[in-house]
Amino acid sequence: METSTEDAAQVPGGSAARAGAPVPAEPAAGATAAVVTAEAVSAVGTVGAREPAAGAPTSLSPSRAGDFMQCPLLYRFRVIDRLPEKPSEAATRGTLVHAVLERLFDAPAAERTAPRARSLVPGQWDRLREARPEVAELFRDDADGERLARWLAEAEQLVERWFTLEDPTRLEPAERELFVEAELASGLRLRGIIDRVDVAATGEVRIVDYKTGKAPRPEYAESALFQMKFYALVVWRLKKVVPRRLQLVYLGSGDVLTYDPVLADLERVERKLLALWEAIRLATETGDWRPRPTKLCGWCDHRAHCPEFGGTPPPYPLPVRASGSGG
């Protein structure tokens, strides 16, 4: 997903698995598994409005893995310092569209129509504002409501475009917004939320993720598939089943990107994640989090704390050891 819902058990207000989702089959040797219901994750998100205490990272999600690969200092700001970030219109619209597509499957197959989906947008927006009051700040200066109306219309257009890419009357997802977690033999815990899991009568598994942006250019497709291979790895470790297909549905451009993984793909991803986690562990222990400037810095909420922009990071909240000392 494009939003922070992959870390729902860590970030207040995140999405969750629907209530009553069954626990997966026995985990693979050396891995433990967990599936969290909507009520459980909701409880985590209502502990209080204050930010959780800073602490060493204990797990890895696709979003946070992506953060570290993009910029280690950004990872620190989000995971260790837990610096607040303002909601954006694009990310909030993504959360809203995801909620609508999830809820549409509550209706009988014949009633899963584009008009019905569009009609869900206002109610899901109300629910989102109730769960995350800060998103209402996006339209505080919109006195006449024109900007909000345009934003909601854009969300409706994205929802409607989905019907040109998939036919929900022919789909019966096995899972929606499924929070999964697996602990590898190494001790690394992987976690995330899968938008949709389809299981064929033959037992073949398809993992589907909705994106409200545009499909990447071919040279960037591998980066886009990283998240999906991460999920496939978790499913394989939990069920000893390699998903038959990974599918990214880009509502912004009306494209569908598919990939059929093999076991070697997942083994490579696991090795990459283990190396990444070792780098995160070393940075956590030494406090050495290097900024990595890119064109994405222009959208970062933390430039005031970034040395690349003349800022100073907050005092490091964890004990450190000298970078040259032994582990």
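**Entry 1: confidence.** I began with residues 1-52, where pLDDT stays under 50. For this stretch I noted that the model has 115 contacts beyond four places in sequence. The model is predicted, and I therefore recorded its overall confidence as well, pLDDT being the predictor's confidence in each residue. The protein averages a pLDDT of 85, and 82% of the residues score at least 70.

**Entry 2: helix H3.** I next looked up the burial of helix H3, residues 72-80. Eight of its nine residues are buried, so H3 is largely enclosed by the rest of the structure. I listed the buried residues as Pro 72, Leu 73, Leu 74, Tyr 75, Arg 76, Phe 77, Val 79 and Ile 80. I then asked which helices the buried residues of H3 pack against. They pack against helix H2 (62-70) and helix H8 (263-286). Just after H3, I found that Arg 82 takes a positive phi of about 55°.

**Entry 3: helices H4 and H5.** I turned to helix H4 (residues 89-104) and helix H5 (residues 114-131), whose axes come within 9 Å and cross at roughly 125°. The crossing of H4 and H5 is right-handed. On the H4 side, I recorded Thr 92, Thr 95, Leu 96, Ala 99, Val 100, Arg 103 and Leu 104 as making the contact. On the H5 side, the contact is made by Arg 116, Ala 117, Leu 120, Val 121, Gln 124, Trp 125, Arg 127 and Leu 128. Sorted by class, the contact of H4 with H5 has nine nonpolar, three polar and three charged residues.

Conventions
Residues numbered from 1 in each chain as written. Predicted model: local features only at pLDDT ≥ 70, side-chain atom pairs only at ≥ 80, totals over all residues. Heavy atoms only, no water. Axes fitted to C-alpha atoms, helices over the stretch in contact; angles between N-to-C directions. Helix = DSSP H or I, 4+ residues; strand = E, 2+ residues; numbered from the N terminus. Left-handed = near helix turned anticlockwise from the far one by under 90°. Contact = heavy atoms within 4.5 Å. Nonpolar A, V, L, I, M, F, W, Y, C, P; charged D, E, K, R; others polar. Buried < 20%, exposed > 50% of the residue type's maximum accessible area, 1.4 Å probe, protein only. pLDDT = per-residue confidence, 0-100.
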